[in-house]
Amino acid sequence: MILIDGKKAAAELRAELKEEVTELKSKHNKVPGLTVILIGDLTPSQIYVRNKEKSANEVGLKSEVIKYPDSVEEKTVLEKIQELNSDETVSGILVQLPLPKHIDKQKVIETIDPSKDVDGFHPMNVGNLSSGYESSIPCTPLGCYLLIKKIEPNLSGKKAVIVGRSNLNGKPMTQLLLKENCTVTITHSKTKDLKAECLEADIIVAAVGIPELVRGDWVKKDAIVIDVGINKTDNGIVGDVHFDEVSKNAKALTPVPGGVGPMTIACLLKNTIDCFKRSQI
Ligand code: NAP
């Protein structure tokens, strides 16, 4: 079984991006800039943002974090986004989720200029992705896609089963694999026989949020299994896939932690650079 090393793949991607930033700097005499807005003092969000800033600096991006207290008015945040939209030194804008209840998440997402939407959540980018046009792609599914392509460069005709249909993970993952000519089944909490669906799959992507949902006898021999889940349990962090059982059958499997997670941040940097490149055309 191939243990898909997300840390290594992310380090390789960051090294490529660092080179790209150096080239862009010599060509345009400026570097891509990422601005993250962090609202409130949720510890996980603070850790995510710190890691994003550290990685952005590592590849040579200009990075900035704008912090607001939990009590910030929605209007203040929307005005700041508009200011960043017209700031030429800002290539990508990310508002760290979740937001306090009094701030409308959809309004925030739709205020970000789609050409600076490094999370790929703006409806314009969602539409472009599903129409097969160039767009920012949500970072986690993009990371999963790159990991799958490392194992199997030609995905044409493969049967993929996506477990979970969130806008963040399942739906964009479906679009990415459709574009590669996979036959894609998207499953969810109302799917009648999830095990039977998974048993058909050459590729399984599990993005559910239920610890170890996907069991060893759900997985066809030689399937590629990507585990997006991050679940805190009494035994530590586990994924949505039962690692020990599935590793006996699968051709390749991502561990949790150390699989999809590290690729998510690397893909945020990639999206920032791609937004910059599109803005220079
Ligand atoms: P989400 O928005 O809660 O969506 C979960 C999806 O799973 C929903 O579509 C839901 O179906 C489906 N589901 C729930 N129970 C199911 C069941 N028994 N069988 C089949 N499908 C079921 O979750 P998310 O934001 O996509 O996140 C999923 C997991 O990924 C979480 O553990 C999260 O922490 C993790 N995550 C990891 C990263 C990373 O970088 N590695 C990034 C983001 C998220 P319905 O639509 O029918 O409700």
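Biologist: How many Å separate an oxygen atom of the ligand from an N or O atom in the side chain of Asn169?

Modeller: In this predicted model, the separation between a ligand oxygen and an N or O atom of the Asn169 side chain is 2.9 Å.

Biologist: And what are the values for Ser166 and Thr264?

Modeller: For Ser166, a side-chain N or O atom lies 2.6 Å from an oxygen atom of the ligand. For Thr264, the corresponding distance to a ligand oxygen is 2.8 Å.

Biologist: How many residues surround the ligand, and which are the closest?

Modeller: The ligand is surrounded by 21 residues. The closest are Arg165, Ser166, Asn169, Ser189 and Thr264.

Biologist: What is the make-up of that shell by class?

Modeller: The shell around the ligand has eleven polar residues, nine nonpolar residues and one charged residue.

Biologist: Which element gives the largest share of the shell?

Modeller: Helix 10, which covers residues 260–279, provides the largest share, with three residues.

Biologist: Let us turn to the surface. Which residues form a nonpolar patch there?

Modeller: The patch consists of Tyr48, Ile230 and Ile237. Together these residues have about 290 Å² of accessible area.

Biologist: Where is Ile230 found, and is Ile230 buried or exposed?

Modeller: Ile230 sits in the loop that joins strand 8 (224–227) to strand 9 (231–233). Its relative accessible area is 57%, so Ile230 is classed as exposed.

Biologist: What about Asn231: is that residue buried or exposed?

Modeller: Asn231 belongs to strand 9. Asn231 counts as buried because its relative accessibility is 7%, and the cut-off for that class is under 20%.

Biologist: Which side chain does the Asn231 side chain contact?

Modeller: The side chain of Asn231 makes a polar contact with that of Asp240, at 2.8 Å.

Biologist: Now the salt bridges. What does the count come to?

Modeller: The count is 14 salt bridges.

Biologist: Which residue does Lys8 pair with?

Modeller: Lys8 forms a salt bridge with Glu12, and their closest N and O atoms are 3.7 Å apart. Both residues lie in helix 1 (residues 6–28), where a spacing of four residues amounts to about one turn of the helix. Glu12 counts as partly exposed because its relative accessibility is 32%.

Biologist: Which residue forms a salt bridge with Glu74?

Modeller: The partner of Glu74 is Lys107, with 2.9 Å between the closest N and O atoms. This pair links distant parts of the chain, since Glu74 is in helix 3 and Lys107 is in helix 4 (residues 105–111), 33 residues apart.

Biologist: How do the two compare in exposure: is Glu74 buried or exposed, and what is the relative accessible area of Lys107?

Modeller: Glu74 has 17% relative accessibility and therefore counts as buried. Lys107 has a relative accessible area of 40%, so Lys107 is partly exposed.

Biologist: Where is Glu79 placed, and which residue forms a salt bridge with Glu79?

Modeller: Glu79 is in helix 3, which comprises residues 74–85. Glu79 forms a salt bridge with Lys75, the closest N and O atoms being 3.5 Å apart. The two are separated by about one helical turn because they are four residues apart in helix 3.

Biologist: What are the relative accessible areas of Glu79 and Lys75?

Modeller: Glu79 has 42% and is partly exposed. Lys75 has 53% and is exposed.

Biologist: Which residues are linked in a network of salt bridges?

Modeller: The network links Glu20, Lys270, Asp274 and Lys277.

Biologist: Where does Lys62 lie, and what is its relative accessibility?

Modeller: Lys62 lies in strand 3 (residues 62–68). Its relative accessibility is 35%, so Lys62 counts as partly exposed.

Terms used:
Residues are numbered from 1 along each chain as its sequence is written. This is a predicted model: local features need pLDDT of at least 70, side-chain atom pairs count only at pLDDT 80 or more; totals for chains, interfaces and linings use all residues. Side-chain values use heavy atoms; hydrogens and water are left out. A residue is near a molecule or strand if one of its heavy atoms lies within 4 Å of it. A polar contact is a pair of N or O atoms within 3.5 Å; within protein, one must be able to donate a hydrogen and the other to accept it, and residues adjacent in sequence count only if both atoms are side-chain atoms. Ala, Val, Leu, Ile, Met, Phe, Trp, Tyr, Cys and Pro count as nonpolar, Asp, Glu, Lys and Arg as charged, and the others, Gly among them, as polar. Patches are made of residues with over 30% relative accessible area and no salt bridge: like charges are joined within 9 Å, nonpolar side chains (Val, Leu, Ile, Met, Phe, Trp, Tyr) within 5 Å. Accessible areas come from the Shrake-Rupley method with a 1.4 Å probe; for residues, only the protein chains shown count as cover. A salt bridge is a side-chain nitrogen of Lys or Arg within 4 Å of a carboxyl oxygen of Asp or Glu. Buried means under 20% relative accessible area, exposed over 50%, partly exposed in between (1.4 Å probe, protein chains only).
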